[in-house]
Amino acid sequence: MSKTVEVIYQGTSYTLPVIKGTCGEEAVDISTLRNTTGLITYDPGFVSTGSCQSEITFLDGEKGILMYRGIPIEQLAEHSNFIETAYLLIYGNLPNQQELDYFQYHVTHHSMVHESIKNLYDGFPNNPHPMAVCSAIVGSLATFYQDQLNPQNEREIEITIHRLLAKLPTIAAYSYKKSIGQPFPYPKNSLSYTENFLHMMFSNPCEQYEVDPLVAKALDTLLILHADHEQNCSTSTVRLVGSSRCNLYSSVSAGIYALWGPLHGGANQAVIEMLQTIQEAGGNVKQFVEKAKDPNDSFRLMGFGHRVYKNFDPRSKIIKKMAHEIFGKLGGNDPLLDIALQLEEIALKDDYFISKKLYPNVDFYSGLIYKALKIPINMFTVMFAMGRLPGWIAHWIELQKDQDFKIGRPRQIYQGPKRTDYTPLKKRG
Ligand code: CMC
(Lines give C-alpha, C1' and ligand atoms only; values in the text may rest on other atoms or scores of the structure.)
Protein backbone atom coordinates (compact mmCIF):
# COMPACT_ATOMS: atom_id res chain seq x y z
CA MET A 1 0.00 0.00 0.00
CA SER A 2 1.39 3.41 -0.88
CA LYS A 3 2.24 5.63 2.05
CA THR A 4 0.40 8.85 2.80
CA VAL A 5 0.74 11.73 5.24
CA GLU A 6 -2.25 13.08 7.11
CA VAL A 7 -2.43 16.82 7.75
CA ILE A 8 -5.04 17.99 10.23
CA TYR A 9 -5.85 21.66 9.90
CA GLN A 10 -8.69 23.38 11.73
CA GLY A 11 -10.28 20.04 12.51
CA THR A 12 -10.30 18.73 8.95
CA SER A 13 -8.00 15.93 7.84
CA TYR A 14 -6.24 16.02 4.46
CA THR A 15 -4.36 13.07 2.98
CA LEU A 16 -1.20 13.77 1.03
CA PRO A 17 0.59 11.14 -1.07
CA VAL A 18 4.19 10.12 -0.38
CA ILE A 19 6.49 9.77 -3.39
CA LYS A 20 9.37 7.28 -3.18
CA GLY A 21 12.66 7.68 -5.02
CA THR A 22 14.55 4.75 -6.57
CA CYS A 23 17.21 4.86 -3.83
CA GLY A 24 14.64 4.94 -1.05
CA GLU A 25 14.18 8.59 -0.16
CA GLU A 26 10.62 9.71 0.46
CA ALA A 27 8.80 13.00 -0.05
CA VAL A 28 5.35 14.32 0.79
CA ASP A 29 3.64 15.62 -2.33
CA ILE A 30 2.19 18.96 -1.21
CA SER A 31 1.25 20.22 -4.68
CA THR A 32 -2.47 20.20 -3.77
CA LEU A 33 -1.97 21.69 -0.28
CA ARG A 34 -2.81 25.29 -1.08
CA ASN A 35 -5.85 24.46 -3.18
CA THR A 36 -7.30 22.13 -0.56
CA THR A 37 -6.30 23.85 2.70
CA GLY A 38 -5.30 27.43 1.78
CA LEU A 39 -1.94 26.78 3.44
CA ILE A 40 1.47 27.14 1.90
CA THR A 41 4.75 25.77 3.31
CA TYR A 42 7.69 27.79 4.66
CA ASP A 43 11.22 26.45 4.12
CA PRO A 44 14.04 29.06 3.92
CA GLY A 45 16.91 27.82 1.76
CA PHE A 46 14.67 24.93 0.58
CA VAL A 47 16.33 22.58 3.09
CA SER A 48 13.30 20.28 3.22
CA THR A 49 11.89 20.97 -0.22
CA GLY A 50 12.24 18.80 -3.32
CA SER A 51 11.78 21.02 -6.37
CA CYS A 52 11.48 18.22 -8.92
CA GLN A 53 11.76 14.51 -9.60
CA SER A 54 15.05 13.88 -11.38
CA GLU A 55 16.84 10.91 -12.96
CA ILE A 56 20.25 12.57 -13.27
CA THR A 57 22.21 12.50 -10.02
CA PHE A 58 21.77 10.78 -6.68
CA LEU A 59 23.55 11.82 -3.54
CA ASP A 60 23.27 10.65 0.03
CA GLY A 61 24.82 13.23 2.30
CA GLU A 62 24.84 10.94 5.34
CA LYS A 63 26.58 8.03 3.60
CA GLY A 64 28.76 10.19 1.33
CA ILE A 65 27.38 8.70 -1.90
CA LEU A 66 27.38 10.53 -5.24
CA MET A 67 26.28 8.85 -8.50
CA TYR A 68 25.70 10.23 -11.98
CA ARG A 69 22.91 8.26 -13.73
CA GLY A 70 23.52 5.51 -11.16
CA ILE A 71 27.30 5.25 -11.69
CA PRO A 72 29.40 6.02 -8.58
CA ILE A 73 31.60 9.11 -8.89
CA GLU A 74 34.66 7.06 -7.85
CA GLN A 75 34.25 4.80 -10.92
CA LEU A 76 33.76 7.72 -13.28
CA ALA A 77 36.81 9.53 -11.88
CA GLU A 78 38.90 6.41 -12.39
CA HIS A 79 37.65 5.08 -15.74
CA SER A 80 35.80 7.80 -17.65
CA ASN A 81 36.74 11.15 -19.11
CA PHE A 82 34.93 14.47 -19.03
CA ILE A 83 33.39 14.24 -22.51
CA GLU A 84 32.03 10.75 -21.89
CA THR A 85 30.71 11.84 -18.46
CA ALA A 86 29.07 14.88 -20.06
CA TYR A 87 27.33 12.56 -22.55
CA LEU A 88 26.21 10.30 -19.70
CA LEU A 89 24.71 13.20 -17.75
CA ILE A 90 23.02 14.82 -20.74
CA TYR A 91 21.70 11.75 -22.58
CA GLY A 92 21.21 9.38 -19.62
CA ASN A 93 23.50 6.49 -20.64
CA LEU A 94 27.14 5.79 -21.43
CA PRO A 95 27.67 6.23 -25.18
CA ASN A 96 28.70 3.42 -27.54
CA GLN A 97 31.75 4.11 -29.74
CA GLN A 98 29.70 5.63 -32.57
CA GLU A 99 27.74 7.91 -30.23
CA LEU A 100 30.90 8.98 -28.46
CA ASP A 101 32.70 9.74 -31.75
CA TYR A 102 29.77 11.83 -32.98
CA PHE A 103 29.53 13.77 -29.71
CA GLN A 104 33.28 14.25 -29.43
CA TYR A 105 33.47 15.42 -33.05
CA HIS A 106 30.81 18.09 -32.59
CA VAL A 107 32.04 19.29 -29.19
CA THR A 108 35.47 19.68 -30.81
CA HIS A 109 34.36 21.30 -34.05
CA HIS A 110 32.28 24.09 -32.54
CA SER A 111 35.07 25.44 -30.34
CA MET A 112 35.80 28.57 -32.37
CA VAL A 113 33.79 31.67 -31.43
CA HIS A 114 32.40 34.24 -33.87
CA GLU A 115 35.12 36.83 -34.51
CA SER A 116 32.77 39.61 -33.30
CA ILE A 117 32.66 37.99 -29.87
CA LYS A 118 36.30 38.92 -29.40
CA ASN A 119 35.32 42.60 -29.61
CA LEU A 120 33.00 42.17 -26.63
CA TYR A 121 36.02 41.54 -24.39
CA ASP A 122 37.24 45.09 -25.18
CA GLY A 123 34.08 46.55 -23.66
CA PHE A 124 34.95 45.47 -20.12
CA PRO A 125 37.03 47.61 -17.74
CA ASN A 126 40.59 46.51 -16.98
CA ASN A 127 40.96 43.28 -15.04
CA PRO A 128 37.30 42.20 -14.75
CA HIS A 129 36.54 39.01 -12.85
CA PRO A 130 36.44 36.19 -15.42
CA MET A 131 33.18 34.81 -13.98
CA ALA A 132 31.41 38.05 -14.87
CA VAL A 133 33.00 38.03 -18.31
CA CYS A 134 32.15 34.36 -18.95
CA SER A 135 28.54 34.81 -17.91
CA ALA A 136 28.17 37.90 -20.12
CA ILE A 137 29.78 36.25 -23.15
CA VAL A 138 27.79 33.02 -22.72
CA GLY A 139 24.63 35.17 -22.48
CA SER A 140 25.67 36.96 -25.67
CA LEU A 141 25.70 33.64 -27.58
CA ALA A 142 21.90 33.92 -27.64
CA THR A 143 22.32 36.93 -29.94
CA PHE A 144 24.62 35.05 -32.31
CA TYR A 145 22.30 32.07 -32.69
CA GLN A 146 18.93 33.71 -32.22
CA ASP A 147 17.19 31.55 -34.85
CA GLN A 148 18.11 28.39 -32.92
CA LEU A 149 16.91 29.01 -29.40
CA ASN A 150 13.64 27.07 -29.26
CA PRO A 151 13.67 25.02 -26.02
CA GLN A 152 11.31 22.49 -27.61
CA ASN A 153 13.11 21.86 -30.86
CA GLU A 154 15.36 18.76 -30.49
CA ARG A 155 17.78 19.74 -33.28
CA GLU A 156 18.18 23.28 -31.96
CA ILE A 157 18.80 21.96 -28.47
CA GLU A 158 21.39 19.50 -29.79
CA ILE A 159 23.43 22.13 -31.60
CA THR A 160 23.18 24.43 -28.58
CA ILE A 161 24.59 21.64 -26.37
CA HIS A 162 27.52 21.19 -28.77
CA ARG A 163 28.14 24.92 -28.99
CA LEU A 164 28.03 25.52 -25.26
CA LEU A 165 30.34 22.62 -24.35
CA ALA A 166 32.71 23.50 -27.20
CA LYS A 167 32.84 27.25 -26.69
CA LEU A 168 32.94 27.62 -22.90
CA PRO A 169 36.66 26.66 -22.66
CA THR A 170 37.43 29.15 -25.47
CA ILE A 171 35.38 31.90 -23.79
CA ALA A 172 37.00 31.12 -20.43
CA ALA A 173 40.57 31.09 -21.76
CA TYR A 174 39.99 34.37 -23.63
CA SER A 175 38.77 36.04 -20.44
CA TYR A 176 42.19 35.21 -18.94
CA LYS A 177 44.14 36.22 -22.06
CA LYS A 178 42.32 39.55 -22.09
CA SER A 179 43.22 40.18 -18.42
CA ILE A 180 46.94 39.70 -19.15
CA GLY A 181 46.91 41.55 -22.46
CA GLN A 182 47.86 38.59 -24.66
CA PRO A 183 46.36 37.67 -28.07
CA PHE A 184 43.57 35.10 -28.23
CA PRO A 185 44.84 31.76 -29.60
CA TYR A 186 42.51 29.78 -31.86
CA PRO A 187 41.40 26.39 -30.55
CA LYS A 188 43.23 23.34 -31.94
CA ASN A 189 40.91 20.53 -32.99
CA SER A 190 43.69 17.95 -32.77
CA LEU A 191 43.80 18.32 -28.97
CA SER A 192 41.56 16.80 -26.31
CA TYR A 193 39.05 18.97 -24.42
CA THR A 194 41.32 19.83 -21.51
CA GLU A 195 44.50 19.97 -23.63
CA ASN A 196 42.80 22.46 -25.90
CA PHE A 197 41.77 24.61 -22.94
CA LEU A 198 45.33 24.58 -21.55
CA HIS A 199 46.66 25.46 -25.01
CA MET A 200 44.33 28.48 -25.23
CA MET A 201 45.23 29.52 -21.66
CA PHE A 202 48.99 29.25 -21.86
CA SER A 203 50.23 29.35 -25.46
CA ASN A 204 51.39 32.56 -27.09
CA PRO A 205 52.61 33.34 -30.61
CA CYS A 206 56.23 33.74 -29.48
CA GLU A 207 56.84 30.45 -27.72
CA GLN A 208 56.01 26.81 -28.22
CA TYR A 209 53.70 25.49 -25.47
CA GLU A 210 53.59 21.76 -24.81
CA VAL A 211 50.60 20.57 -22.80
CA ASP A 212 51.71 18.40 -19.87
CA PRO A 213 49.55 15.22 -20.09
CA LEU A 214 49.55 14.95 -16.28
CA VAL A 215 48.05 18.43 -15.99
CA ALA A 216 45.47 17.70 -18.72
CA LYS A 217 44.46 14.44 -16.99
CA ALA A 218 44.19 16.09 -13.54
CA LEU A 219 42.03 18.84 -14.97
CA ASP A 220 39.83 16.30 -16.73
CA THR A 221 39.26 14.46 -13.43
CA LEU A 222 38.42 17.72 -11.64
CA LEU A 223 35.85 18.51 -14.33
CA ILE A 224 34.25 15.07 -13.85
CA LEU A 225 34.03 15.60 -10.07
CA HIS A 226 32.26 18.93 -10.57
CA ALA A 227 30.00 17.84 -13.44
CA ASP A 228 26.76 17.62 -11.46
CA HIS A 229 25.49 17.86 -7.93
CA GLU A 230 21.70 17.71 -8.26
CA GLN A 231 19.64 20.72 -7.10
CA ASN A 232 22.42 23.04 -5.86
CA CYS A 233 22.14 26.83 -6.07
CA SER A 234 23.39 27.28 -9.66
CA THR A 235 21.53 24.25 -11.05
CA SER A 236 18.32 25.39 -9.39
CA THR A 237 18.96 28.81 -10.95
CA VAL A 238 19.38 27.26 -14.41
CA ARG A 239 16.14 25.32 -13.90
CA LEU A 240 14.24 28.35 -12.61
CA VAL A 241 15.34 30.55 -15.52
CA GLY A 242 14.62 27.69 -17.95
CA SER A 243 11.17 27.28 -16.43
CA SER A 244 10.09 30.47 -18.18
CA ARG A 245 10.99 28.58 -21.41
CA CYS A 246 13.99 30.86 -21.67
CA ASN A 247 16.75 29.60 -23.97
CA LEU A 248 19.67 27.44 -22.81
CA TYR A 249 22.40 30.07 -23.32
CA SER A 250 20.64 32.60 -21.07
CA SER A 251 19.79 29.96 -18.46
CA VAL A 252 23.44 28.84 -18.29
CA SER A 253 24.60 32.45 -18.16
CA ALA A 254 22.44 32.91 -15.03
CA GLY A 255 23.84 29.67 -13.59
CA ILE A 256 27.40 30.99 -13.97
CA TYR A 257 26.49 34.05 -11.89
CA ALA A 258 24.88 31.88 -9.19
CA LEU A 259 28.01 29.73 -9.05
CA TRP A 260 30.25 32.76 -8.59
CA GLY A 261 29.21 33.38 -4.96
CA PRO A 262 31.72 32.41 -2.23
CA LEU A 263 29.21 30.11 -0.53
CA HIS A 264 28.95 28.05 -3.73
CA GLY A 265 31.59 27.72 -6.50
CA GLY A 266 33.46 30.84 -5.43
CA ALA A 267 34.62 28.91 -2.36
CA ASN A 268 37.60 27.42 -4.25
CA GLN A 269 39.03 30.91 -4.77
CA ALA A 270 38.03 31.92 -1.22
CA VAL A 271 39.92 28.91 0.23
CA ILE A 272 43.23 30.01 -1.30
CA GLU A 273 42.63 33.62 -0.26
CA MET A 274 41.92 32.42 3.29
CA LEU A 275 45.08 30.27 3.35
CA GLN A 276 47.08 33.28 2.11
CA THR A 277 45.57 35.46 4.84
CA ILE A 278 46.53 32.86 7.47
CA GLN A 279 50.06 32.69 6.02
CA GLU A 280 50.45 36.49 5.96
CA ALA A 281 49.21 36.69 9.56
CA GLY A 282 52.07 34.42 10.66
CA GLY A 283 50.57 30.99 10.01
CA ASN A 284 48.75 30.66 13.36
CA VAL A 285 46.12 28.19 12.21
CA LYS A 286 44.56 27.72 15.67
CA GLN A 287 43.77 31.43 15.89
CA PHE A 288 41.72 31.21 12.66
CA VAL A 289 39.94 28.08 13.82
CA GLU A 290 38.93 30.01 16.97
CA LYS A 291 37.73 32.91 14.82
CA ALA A 292 35.56 30.52 12.78
CA LYS A 293 34.00 29.20 16.00
CA ASP A 294 33.28 32.64 17.46
CA PRO A 295 29.53 33.38 17.03
CA ASN A 296 30.32 37.11 17.04
CA ASP A 297 32.81 36.80 14.19
CA SER A 298 31.47 36.33 10.65
CA PHE A 299 34.66 34.51 9.58
CA ARG A 300 34.04 30.96 8.33
CA LEU A 301 36.53 28.31 7.34
CA MET A 302 36.12 28.36 3.58
CA GLY A 303 36.07 24.85 2.11
CA PHE A 304 34.41 23.43 5.24
CA GLY A 305 30.81 22.37 5.56
CA HIS A 306 28.20 21.44 3.02
CA ARG A 307 24.44 21.75 2.87
CA VAL A 308 23.97 18.06 2.13
CA TYR A 309 27.18 16.22 3.06
CA LYS A 310 27.14 15.76 6.81
CA ASN A 311 29.76 12.99 7.06
CA PHE A 312 32.20 13.46 4.24
CA ASP A 313 32.17 14.75 0.71
CA PRO A 314 33.03 11.78 -1.58
CA ARG A 315 34.55 14.19 -4.10
CA SER A 316 36.94 15.57 -1.50
CA LYS A 317 38.23 12.02 -0.77
CA ILE A 318 39.17 11.55 -4.44
CA ILE A 319 40.56 15.05 -4.73
CA LYS A 320 42.65 14.83 -1.56
CA LYS A 321 44.42 11.75 -2.92
CA MET A 322 44.90 13.54 -6.23
CA ALA A 323 46.30 16.64 -4.54
CA HIS A 324 49.10 14.61 -2.98
CA GLU A 325 49.88 12.88 -6.29
CA ILE A 326 49.98 16.20 -8.15
CA PHE A 327 52.19 17.85 -5.55
CA GLY A 328 54.48 14.81 -5.59
CA LYS A 329 54.77 14.67 -9.39
CA LEU A 330 54.89 18.38 -10.16
CA GLY A 331 57.36 18.89 -7.33
CA GLY A 332 55.43 21.83 -5.93
CA ASN A 333 56.33 22.65 -2.35
CA ASP A 334 53.53 25.01 -1.58
CA PRO A 335 53.52 26.37 2.00
CA LEU A 336 49.75 26.85 1.60
CA LEU A 337 49.39 23.06 1.42
CA ASP A 338 51.02 22.74 4.86
CA ILE A 339 48.63 25.35 6.26
CA ALA A 340 45.70 23.55 4.63
CA LEU A 341 46.73 20.22 6.14
CA GLN A 342 47.19 21.75 9.61
CA LEU A 343 43.81 23.42 9.32
CA GLU A 344 42.16 20.19 8.30
CA GLU A 345 43.78 18.28 11.18
CA ILE A 346 42.85 20.82 13.84
CA ALA A 347 39.30 21.35 12.59
CA LEU A 348 38.57 17.63 12.26
CA LYS A 349 39.46 17.10 15.94
CA ASP A 350 37.56 20.13 17.20
CA ASP A 351 34.20 19.62 18.91
CA TYR A 352 32.64 22.62 17.17
CA PHE A 353 33.30 21.15 13.71
CA ILE A 354 32.50 17.59 14.79
CA SER A 355 29.17 18.50 16.39
CA LYS A 356 28.09 20.65 13.43
CA LYS A 357 29.25 17.95 10.99
CA LEU A 358 31.58 20.31 9.16
CA TYR A 359 34.09 18.46 6.98
CA PRO A 360 36.37 19.61 4.16
CA ASN A 361 34.37 19.85 0.95
CA VAL A 362 35.49 19.50 -2.67
CA ASP A 363 36.62 23.12 -2.80
CA PHE A 364 39.01 22.76 0.10
CA TYR A 365 41.45 20.82 -2.11
CA SER A 366 40.47 21.81 -5.65
CA GLY A 367 41.96 25.31 -5.29
CA LEU A 368 45.29 23.86 -4.17
CA ILE A 369 45.37 21.58 -7.20
CA TYR A 370 44.45 24.38 -9.60
CA LYS A 371 47.21 26.45 -8.06
CA ALA A 372 49.73 23.63 -8.59
CA LEU A 373 48.52 23.38 -12.22
CA LYS A 374 49.31 27.12 -12.56
CA ILE A 375 45.70 28.13 -13.11
CA PRO A 376 45.37 31.75 -11.93
CA ILE A 377 43.35 32.14 -8.73
CA ASN A 378 40.53 34.20 -10.23
CA MET A 379 40.01 31.44 -12.83
CA PHE A 380 39.30 28.74 -10.22
CA THR A 381 35.55 29.29 -10.20
CA VAL A 382 35.56 29.36 -13.99
CA MET A 383 37.05 25.85 -13.88
CA PHE A 384 34.11 24.83 -11.68
CA ALA A 385 31.71 26.36 -14.24
CA MET A 386 33.34 24.40 -17.08
CA GLY A 387 32.90 21.23 -15.04
CA ARG A 388 29.30 21.98 -14.02
CA LEU A 389 28.13 22.83 -17.55
CA PRO A 390 26.95 19.29 -18.51
CA GLY A 391 24.97 19.12 -15.26
CA TRP A 392 23.26 22.44 -15.96
CA ILE A 393 22.45 21.30 -19.50
CA ALA A 394 21.11 17.92 -18.34
CA HIS A 395 18.83 19.56 -15.76
CA TRP A 396 17.58 22.19 -18.19
CA ILE A 397 16.67 19.49 -20.73
CA GLU A 398 15.04 17.29 -18.10
CA LEU A 399 12.91 20.25 -17.00
CA GLN A 400 11.82 21.10 -20.56
CA LYS A 401 10.59 17.50 -21.02
CA ASP A 402 9.09 17.12 -17.54
CA GLN A 403 5.45 16.01 -17.66
CA ASP A 404 4.86 18.07 -14.49
CA PHE A 405 6.46 21.15 -16.12
CA LYS A 406 5.40 24.45 -14.57
CA ILE A 407 7.05 27.85 -14.48
CA GLY A 408 8.89 28.12 -11.14
CA ARG A 409 7.05 30.52 -8.93
CA PRO A 410 7.47 30.12 -5.16
CA ARG A 411 5.05 31.75 -2.73
CA GLN A 412 5.99 33.90 0.25
CA ILE A 413 4.66 34.89 3.65
CA TYR A 414 4.27 38.63 3.57
CA GLN A 415 5.41 40.34 6.81
CA GLY A 416 5.44 43.99 5.61
CA PRO A 417 3.10 46.83 6.58
CA LYS A 418 -0.65 46.37 6.25
CA ARG A 419 -2.58 48.61 3.86
CA THR A 420 -1.17 52.14 4.25
CA ASP A 421 -2.40 55.24 2.42
CA TYR A 422 -0.03 57.22 0.22
CA THR A 423 1.34 60.36 1.98
CA PRO A 424 1.96 63.32 -0.34
CA LEU A 425 5.64 64.48 -0.24
CA LYS A 426 4.85 67.80 1.53
CA LYS A 427 3.15 66.01 4.38
CA ARG A 428 6.03 63.58 5.07
CA GLY A 429 8.29 64.29 8.08
N1 CMC B 1 33.09 27.57 9.26
C2 CMC B 1 32.58 27.79 10.52
N3 CMC B 1 31.31 27.54 10.87
C4 CMC B 1 30.49 27.03 9.90
C5 CMC B 1 30.95 26.77 8.60
C6 CMC B 1 32.30 27.04 8.29
N7 CMC B 1 32.79 26.82 7.08
N8 CMC B 1 29.93 26.28 7.86
C9 CMC B 1 28.87 26.23 8.67
N10 CMC B 1 29.21 26.68 9.92
C11 CMC B 1 28.33 26.73 11.10
C12 CMC B 1 27.35 27.89 10.99
O13 CMC B 1 27.86 29.05 11.61
C14 CMC B 1 26.15 27.32 11.69
O15 CMC B 1 26.36 27.45 13.08
P16 CMC B 1 25.09 27.69 14.06
O17 CMC B 1 24.26 26.44 13.94
O18 CMC B 1 25.72 27.88 15.38
O19 CMC B 1 24.38 28.90 13.56
C20 CMC B 1 26.16 25.84 11.36
O21 CMC B 1 27.54 25.53 11.08
C22 CMC B 1 25.31 25.47 10.16
O23 CMC B 1 25.68 26.32 9.08
P24 CMC B 1 24.68 26.78 7.94
O25 CMC B 1 25.24 27.98 7.24
O26 CMC B 1 23.30 26.91 8.51
O27 CMC B 1 24.71 25.51 7.03
P28 CMC B 1 24.25 25.45 5.54
O29 CMC B 1 23.99 24.02 5.24
O30 CMC B 1 23.17 26.42 5.26
O31 CMC B 1 25.55 25.98 4.75
C32 CMC B 1 27.57 26.11 3.54
C33 CMC B 1 26.40 25.21 3.99
C34 CMC B 1 28.39 25.33 2.52
C35 CMC B 1 27.02 27.37 2.86
C36 CMC B 1 28.43 26.49 4.78
O37 CMC B 1 28.93 25.33 5.41
C38 CMC B 1 29.59 27.44 4.45
O39 CMC B 1 29.40 28.64 4.40
N40 CMC B 1 30.81 26.87 4.15
C41 CMC B 1 31.92 27.68 3.70
C42 CMC B 1 31.78 27.97 2.23
C43 CMC B 1 32.10 26.77 1.35
O44 CMC B 1 33.08 26.07 1.56
N45 CMC B 1 31.25 26.55 0.32
C46 CMC B 1 31.47 25.50 -0.67
C47 CMC B 1 30.43 24.42 -0.63
S48 CMC B 1 30.97 22.99 -1.61
C49 CMC B 1 30.89 23.53 -3.22
C50 CMC B 1 29.50 23.62 -3.75
O51 CMC B 1 28.89 22.54 -3.91
O52 CMC B 1 29.03 24.75 -3.98
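Reply: Strand E1 (residues 4-9) pairs with strand E2 (residues 12-20) in the antiparallel sense, over six bridges. Helices (H or I, at least four residues) and strands (E, at least two) are DSSP runs numbered from the N terminus, and two strands pair if DSSP finds at least two bridges between them. The model is predicted, so local features need pLDDT of at least 70 and side-chain atom pairs count only at pLDDT 80 or more, while totals for chains, interfaces and linings use all residues. Residues are numbered from 1 along each chain as its sequence is written, and side-chain values use heavy atoms, with hydrogens and water left out.

Within this pairing, glutamate 6 stands opposite threonine 15 in E2. Two residues lie between E1 and E2, which form a hairpin; in its turn, glutamine 10 has a positive phi of about 50°.

Strand E5 (residues 65-68) is joined to E6 by two bridges, and the two run antiparallel. Here tyrosine 68 stands opposite isoleucine 71 in E6.

Turning to the helices, the axes of H6 (residues 130-144) and H7 (residues 154-179) come within 9 Å and cross at roughly 140°. Axes are lines fitted to C-alpha atoms, for helices over the stretch in contact, with angles from 0 to 180 degrees between N-to-C directions. The angle makes H6 oblique to H7 (under 35 degrees counts as roughly parallel, over 145 as roughly antiparallel, 65 to 115 as roughly perpendicular, and the rest as oblique). The contact (heavy atoms within 4.5 Å) involves Pro130, Val133, Cys134, Ile137, Val138 and Leu141 of H6, and Leu164, Lys167, Leu168, Ile171, Ala172 and Ser175 of H7. These residues divide into 10 nonpolar, one polar and one charged (Ala, Val, Leu, Ile, Met, Phe, Trp, Tyr, Cys and Pro are nonpolar, Asp, Glu, Lys and Arg charged, and the others, Gly among them, polar).

For H11 (residues 248-260) and H18 (residues 380-401), the axes come within 10 Å and cross at roughly 135°; the two helices are therefore oblique to each other. Among the residues that meet are Gly255 and Trp260 in H11, and Phe384 and Trp396 in H18. This contact divides into 11 nonpolar, three polar and no charged residues.

The rings of tyrosine 176 and phenylalanine 202 have centres 6.3 Å apart and planes at 65°, so the pair is edge-to-face. Tyrosine 176 lies in H7 and phenylalanine 202 in H8 (residues 193-202), so the pair ties together parts 26 residues apart in sequence.

How values were computed
Phe/Tyr/Trp six-rings, centres within 6.5 Å; stacked < 30°, edge-to-face > 60°.
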